[in-house]
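Student: I would like to go through the labels used for this model and ask what stands behind each of them.

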Amino acid sequence: MTLPPGRFDYAPLNDRPIIKWPNNARVAFWVAPNMEFFEYLPESRPTQPDIPFYARMDYGNRVGFWRMLDVLNKHKVRGCCCLNLELLDHFPEVKDAMIAADWDYMAHGLYNSRPIYDYTEEQERAYWQDFTTHLKEMTGKRLKGRLGGGAGYTVRTDDLMAEAGCLYHTSWIIEDQFDTLYREGAENGRVMCLSLHPHNIGRPNAAKHLDEALRYILGHDGVWATTADDIAEYYLANYYDQVKSWIAERKAQG
């Protein structure tokens, strides 16, 4: 399958229609904890465990997650989790804690050690159906988006995501420092994602820096603390048609 040129429309940042977030917020700020499961013996190397790597990743789910969760809950920040689906089955205590905190969820593969690059169209369609159904059963939440990461892509991924009812994927985001986005957001709404890995930010020497960052960011007026799901829903409801028309006009003029 070959993708046609121009599949994705170009919209330069300096010329886009003005976006205003709820309550005139300058920055829509969301936090993306990466909740991942790395197999001790991945399918790609079933006789070759990488014990140091596995131990570091597993530390994130055994210890780091809980430190990170404490800081997020302290600041009343809901995560929009980049989720390896099988983590829900392997770590029910983590699942229950995410549900209690009312997190949203993005697809991030079944395991971080099983990319989908070689999937056929039917295999990938079944993958999306399984993810959507299982997530709803386990958390009560609908799947609305995705972060590729270790799960990878195929040329069909965007279309099959849409077919499964997803609204967005976050591999296309623009990330920058808060101060820059906050300054720019006075003229046109900006988005900031803070991506977190429990095996890093949940270490004893690192968790305090998350606390400091959230205190600094959320201490500013004009910050909408939200999730990627809510940003996508708000944009689609308030700006999608306007921006679509603007792009069409640009094409007609060009």
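This is a predicted model: local features need pLDDT of at least 70, side-chain atom pairs count only at pLDDT 80 or more; totals for chains, interfaces and linings use all residues.

Student: Why are H1 and H8 called roughly parallel?

Tutor: Helices here are DSSP runs of H or I with at least four residues, strands are E runs of at least two, and both are numbered from the N terminus. Axes are lines fitted to C-alpha atoms, for helices over the stretch in contact, and angles run from 0 to 180 degrees between N-to-C directions. Helix H1 (residues 51–74) and helix H8 (residues 207–218) pack at an angle of about 20 degrees, with axes 10 Å apart. Angles under 35 degrees count as roughly parallel, over 145 as roughly antiparallel, 65 to 115 as roughly perpendicular and the rest as oblique. H1 and H8 are therefore roughly parallel.

Student: Which residues make that contact?

Tutor: From H1 they are Arg67, Met68, Val71, Leu72 and Lys74, and from H8 Ala207, Leu210, Asp211, Leu214 and Arg215. Contact means heavy atoms within 4.5 Å. The contact of H1 with H8 has six nonpolar, no polar and four charged residues. For these classes, Ala, Val, Leu, Ile, Met, Phe, Trp, Tyr, Cys and Pro count as nonpolar, Asp, Glu, Lys and Arg as charged, and the others, Gly among them, as polar.

Student: What makes H1 roughly parallel to H3?

Tutor: Their axes cross at roughly 10 degrees and come within 11 Å. That angle makes H1 roughly parallel to H3. Asn61, Phe65, Trp66 and Leu69 in H1 meet Glu93, Val94, Ala97 and Met98 in H3. By class, this contact of H1 with H3 has six nonpolar residues, one polar and one charged.

Student: Why is H9 called oblique to H10?

Tutor: Helix H9 (residues 228–238) packs against helix H10 (residues 240–253) at about 60 degrees, and the axes are 4 Å apart. This angle makes H9 oblique to H10. The residues that meet are Tyr235, Leu236 and Asn238 in H9 and Tyr240, Gln242 and Val243 in H10. Four residues of the contact of H9 with H10 are nonpolar, two are polar and none is charged.

Student: How many aromatic pairs does a search of the whole structure find?

Tutor: The search finds 16 aromatic pairs. Rings of Phe, Tyr and Trp (its six-membered ring) pair if their centres lie within 6.5 Å; planes under 30 degrees apart count as stacked, over 60 as edge-to-face and the rest as tilted. Phe37 and Phe91 are 5.5 Å apart centre to centre with 45 degrees between the planes, and this pair is tilted. Phe37 lies in the loop between strand E1 (27–35) and H1, and Phe91 in the loop between helix H2 (87–90) and helix H3 (92–100), so the pair ties together parts that are 54 residues apart in sequence.

Student: How do you know whether Phe37 is buried or exposed?

Tutor: Buried means under 20% relative accessible area, exposed over 50%, partly exposed in between (1.4 Å probe, protein chains only). Phe37 has 11% relative accessibility and therefore counts as buried. Phe91, at 17%, also counts as buried.

Student: What makes the pair of Trp224 and Tyr234 edge-to-face?

Tutor: The angle between the planes is 65 degrees, and the centres are 5.6 Å apart. Trp224 lies in strand E7 (residues 223–226) and Tyr234 in helix H9, so the pair ties together parts that are ten residues apart in sequence. Ring pairs link both into a cluster with Trp21, Tyr235 and Tyr239.

Student: Why is Met35 called buried?

Tutor: Met35 has a relative accessible area of 0%, so Met35 is buried. Met35 is in strand E1, and among the residues that Met35 touches are Phe65, Met68, Cys81, Trp103 and Pro198.

Technical notes. Residues are numbered from 1 along each chain as its sequence is written. Side-chain values use heavy atoms; hydrogens and water are left out. Lists of a residue's contacts leave out its neighbours within four places in sequence.
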